[in-house]
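Dear colleague,

I am handing over the structure below, together with my notes on what was found in it. Please read the notes with the coordinates open beside you.

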Amino acid sequence: MDSSVLPTLTSSSGRAEVSRVAEELASGADTLRVLSRLRAAYDAPVANAILLQAELRPKAIAKFGAGADGLIVLAESLEQASRAEVSARRARRLVALGVTEVTDAGAGIGADSLAYAAAGLSVRAVEHSGTVAAVLRANTSALAVQVIEDDALDVVAGLPAGSVIYFDPARRADGRRIFDPQLCSPPLSALVATHERGLTVVAKMSPSLNTSDVPAGWDAEWVSTQTEQGRSVVEAVLWSPPHAAGARRAVVMSGDAEHVLTGTGAPAPLGALGAFVYEPDGAVNQAGLIGELALELSGRLIEPRIAYLSSDRRIDTPFAHRYEVLESLPWAKRALARTLAKYDASDLVVKKRGISVDPTALRRELLPRLRSRTGDPLVLILAGRLAIVARAA
């Protein structure tokens, strides 16, 4: 995006135009006709920018909610930007820890800076890209956010000991995601070095962060929330001392509400299949807190190293989905087809871990085997070589 279009985009008339075009596109309007109308009213760069903002609006709303209407977004920055409820949670935690000022090192389009400022924190937002920094200024102009166009590590190097730094390292290159924290920009080693110089570091990492990559003595939390694709682990966050004690946390969010499971990765016991199967939330799996959840559920692993827990107790928990076991049998497709012929179910949901099976193809093959198609959906859970017929409970 050419920064010269920002005055028009951020004006009241420009914002209204973006909203109008977004509504037109949502109602099925032809994109080329919309663009022709825009080019009749605006210079080509402005027309193109308005159309792009309108096209990105649904993704922006999914991440930022109603606040998306006032934001200018960039496609690549939008992909990495934090979701509004997750940013707000992190801001609340910083405030609760007594933090009053934070440096957002690599602020992007400003999603986290906006949350920190809204929570009452004094914010220094650093962005090295001139184009992104211009968008950042536009997005944060209504709040007391100091925007610095510079290299984040250079700015951080000049800050005094005790400063709190929030990093969101770039995790994309050439359109591809980067999963190794040492290949991100800046790398994890630079974040550790920043802390070793006496600064406090909070860092948003890939949701696939391995527990083995967490620096010694740092806290790590994996956060799941509802997305347009369903519930997902959307990020991992590292917290350096002094606001850490080497703990792991699984954070399950529902709107602004949050549920936190904390532990150090205790092993889960192994045992027989009981009356219920619990499928841990992805945040629990990523945090390696299956053992802690098993303790909470009076449960055990069904199979070694496969993250399905079983218990004889019906326990409500935000950290897992619960299924009532109807019957189980060794995994064999023909035997399973015969078993399903006894059941009346409107649908069949296939879940699997520890076995190489295409769930979509298996569902398509087994669905016609049901006796009839009017009852509550069945859930087929494949845990290694064990097949479990169940229903959501």
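Among contacts in the chain between residues at least 6 apart in sequence, 65% join residues at least 24 apart, where contact means heavy atoms within 4.5 Å. This is a predicted model, in which local features need pLDDT of at least 70 and side-chain atom pairs count only at pLDDT 80 or more, while totals for chains, interfaces and linings use all residues. Residues are numbered from 1 along each chain as its sequence is written, and side-chain values use heavy atoms, with hydrogens and water left out.

The chain has 393 residues, of which 51% count as buried; buried means under 20% relative accessible area, exposed over 50%, and partly exposed in between, with a 1.4 Å probe and protein chains only. Its C-alpha atoms fill a box of roughly 65 × 55 × 35 Å, taken along the principal axes. There are 14 helices and 18 strands, both taken as DSSP runs numbered from the N terminus (helices H or I, at least four residues; strands E, at least two).

Nine strands form an open sheet of mixed pairing, in the order β3-β2-β1-β4-β7-β9-β8-β10-β11, where two strands pair if DSSP finds at least two bridges between them. The edges are held by β3 (145-148) and β11 (257-263), each of which has a single partner strand, so one side of each is left without a neighbour in the sheet. Neighbouring strands of this sheet are turned by 20 degrees against each other on average, direction ignored; axes here are lines fitted to C-alpha atoms, for helices over the stretch in contact, and angles run from 0 to 180 degrees between N-to-C directions. Helix α10 (residues 188-196) packs on the sheet, where it touches β4, β7 (200-205) and β9 (230-239), and its direction makes about 160 degrees with that of β7. Within the sheet, β1 (residues 101-105) and β4 (residues 164-167) run parallel and are joined by three bridges, and Ala-105 has Phe-167 as its bridge partner in β4.

Phe-167 also belongs to the largest nonpolar core, of 41 residues, where Phe-167, Met-205, Trp-222, Leu-238, Val-284, Leu-293 and Leu-309 touch the most other members. Such a core is a set of buried Ala, Val, Leu, Ile, Met, Phe, Trp, Tyr and Cys residues joined through side-chain atoms within 4.5 Å. Helix α12 (residues 290-297) supplies the largest share of this core, four residues. A second, separate core of 31 residues includes Ala-49, Leu-71, Ile-72 and Ala-81.

Helix α4 (residues 44-64) reaches 28 Å from its first C-alpha to its last over 21 residues, close to the 30 Å expected at 1.5 Å a residue, the expected span being 1.5 Å times one less than the number of residues. This helix bends by about 45 degrees at Arg-57, with Pro-58 following within four residues; the bend is the angle between axes fitted to the seven residues ending there and the seven starting there. Among the buried residues of α4 are Ala-49, Leu-56 and Arg-57, and their cover includes α1 (6-10), α2 (12-26), α3 (31-41), α5 (75-80), α6 (84-96) and α7 (111-118).

Finally, Asp-112 lies in helix α7 and counts as buried at 5% relative accessibility. Leaving out residues up to four places away in sequence, Asp-112 touches Ser-82, Ser-87, Arg-90, Asp-104, Tyr-166 and Asp-168.

With kind regards
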